[in-house]
Amino acid sequence: MLDLPAFDKEGRLIDKEFAKELAKKFSTKPFDGKISSYKTTEKKESQPLPFSLSSLQVAAGKAFGYTPQQVLDAAQSLYEKKLTSYPRSDCEYLPTTQFKDAQRILKNLTSIRDDALKNLVTHANATIKSRAWNDKKISAHHAIIPTQKFLSGELSAVEMNIYSLIAKNYAVQFYPLHVYDETVVEAKYKDETFTARGKVVKQLGWREFYTAPKTKADDETDNLLPQMKTGDNVTYKKGQLKKGVTKPPVRFTSSSLVQGMKEIHKYVKNPESKKQLKDVYGIGTEATRATIIDDLIKRKFLTFMKGGKKTLQPTEKAFLLIDSLPDEMTYPDATAIWEDKLHSMSEGEGTLEEFLAGQAKFTGELCEMANRAEIKIAEGVHKCPRCKTGVMIKRNGKNGEFWGCSNYPKCRATFDDKDGKPDFEGKKFSGQRNFSAQPEDFNLSDYEPVMSSADF
């Protein structure tokens, strides 16, 4: 049926008249159908892995609305207090040599004033070894877990929340698997196939005291189905037409952006690169992703939406920059590949000379493309009459407001302010004024053009 014009390439029914014809067909006698397939499969769901820094930042962002930098700061503080292990880790596994420490760590955690954590720790079985204990998966550091040190002092609210998250993901390792039967039923009716899914829980396991985020797959299999078998008769009861609207991708928060940077293969342009980059470590590192996001906010390329619960959106300056640069400088493909080559080199693959030569060649190519790029000057933006390439930016000086070129210090053109505009007809200044900002801050990243998306 998906080859019919009534359906889009994603299999969604988009022809209303065709849908009405189907509904009419289904509601006309005879109403007899038959179960064409009934399959039940036992599924085993493993415990959630302990946290890496990125997964901790994402979890804390969803649970408490913390920014990645807040999470890193709290995790660093806990590490310095010797309550948790090294925070800047990209690993979610644990060395088997530390399994013997479990009983003492779990005992220490029973004193924490967190009912959910206390329930989880009290019912944990320190003899159970989850998939997290895997020496082959250990990189430079292991996952972030509580240490054997007893929590005796006071922690800030943020530190306590982060400590509890880390402790819960450690304690859940000592629970049985979550086991259930998944059933998929197919019914034939009026030459069409209908599918239903459901599940029956056989062993709650770790899900008994640990709340895991629901997935779309959970929603599809939560239905309870009656007993049946292939060949059973079924009867049409009723049907209805429902109109749906597809939604655009959800905007990033600072924590979900960290996850996006780590899973960079989902956002690449080239299909071949997408496949290759699934094993790449992504943009940035565990320790630098939060700093990159904060830097983009400080430089006014990203901002928080009003009432958006810390939802990020690009500024007009970001659109201007991206539209002015070649794809090689804006898509993550090349950056992620270089990150992967750097990681491979640390493991003995390739030489430093080869890596630096490649970087120099690639950088030269990018500079050539950047020099050819032209930034469109929007209405209300004043081009520098001296260098012809910069734009005039209003600044605060010792003697009041004035306009200076964005190419400072290469171009030192300055003009007085006249009715909110640079006075190109009045007295011109060629020397450096007494800036209220440091000279290194006087660049295009301080420039906020007044324009709309129509200008692009």
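Where in the chain is the place of Pro-30? Pro-30 sits in the loop between helix H1 (16-26) and strand S1 (32-45); helices (H or I, at least four residues) and strands (E, at least two) are DSSP runs, numbered from the N terminus. Keep in mind that this is a predicted model, where local features need pLDDT of at least 70, side-chain atom pairs count only at pLDDT 80 or more, and totals for chains, interfaces and linings use all residues. Residues are numbered from 1 along each chain as its sequence is written, and side-chain values use heavy atoms, with hydrogens and water left out.

**The chain as a whole**
- The protein chain holds 14 helices and eleven strands.
- Of its 456 residues, 36% are buried; buried means under 20% relative accessible area, exposed over 50%, and partly exposed in between (1.4 Å probe, protein chains only).
- Take the contacts (heavy atoms within 4.5 Å) between residues at least 6 apart in sequence: 69% of them join residues at least 24 apart.

**Nonpolar cores**
- A nonpolar core is a set of buried Ala, Val, Leu, Ile, Met, Phe, Trp, Tyr and Cys residues joined through side-chain atoms within 4.5 Å.
- The largest one here has 41 residues, and those with the most contacts inside it are Leu-56, Ile-162, Tyr-163, Tyr-170 and Phe-174.
- Two or more residues of this core come from each of helix H2 (53-64), helix H3 (68-80), helix H4 (102-109), helix H5 (115-122) and helix H6 (157-171).
- H6 gives the most to this core, with seven residues.
- Tyr-163 touches Leu-78, Leu-83, Thr-84, Leu-109, Ile-112, Pro-146, Leu-151 and Leu-155, leaving aside residues up to four places away in sequence.
- Another core, of eight residues, lies apart from the largest one and has Val-258, Ile-283, Leu-302 and Leu-312 among them.

**Helices H8 and H10**
- The axes of H8 and helix H10 (residues 289-298) come within 10 Å and cross at roughly 120°; axes are lines fitted to C-alpha atoms, for helices over the stretch in contact, and angles run from 0 to 180 degrees between N-to-C directions.
- That makes H8 oblique to H10, because angles under 35 degrees count as roughly parallel, over 145 as roughly antiparallel, 65 to 115 as roughly perpendicular and the rest as oblique.
- Ser-254, Leu-257, Val-258, Met-261 and Lys-262 in H8 meet Arg-289, Ile-292 and Ile-293 in H10.
- Ser-254 belongs to helix H8 (residues 254-262) and counts as buried because its relative accessibility is 4%.
- Beyond residues up to four places away in sequence, Ser-254 touches Thr-67, Pro-68, Ile-293, Lys-310 and Leu-312.

**Cysteines**
- A search of the whole structure finds zero disulfides, a disulfide being a pair of cysteine sulfur atoms within 2.5 Å.
- Cys-384 is in no disulfide, and the nearest cysteine sulfur, that of Cys-405, is 3.7 Å away.
- Cys-384 is buried, with a relative accessible area of 1%, whereas Cys-367 is partly exposed at 43% relative accessibility.

**Backbone details to look for**
- A cis peptide bond joins Lys-29 and Pro-30, with omega about 0°.
- Another cis peptide bond joins Tyr-408 and Pro-409, with omega about 10°; Pro-409 is in the loop between strand S8 (400-405) and strand S9 (414-418).
- Lys-82, though not a glycine, has a positive phi of about 65°; Lys-82 lies in the loop between H3 and H4 and is exposed at 57% relative accessibility.
- Asp-191, also a residue other than glycine, has a positive phi near 65°; Asp-191 is in the loop between strand S2 (178-189) and strand S3 (192-203) and is exposed, with a relative accessible area of 75%.
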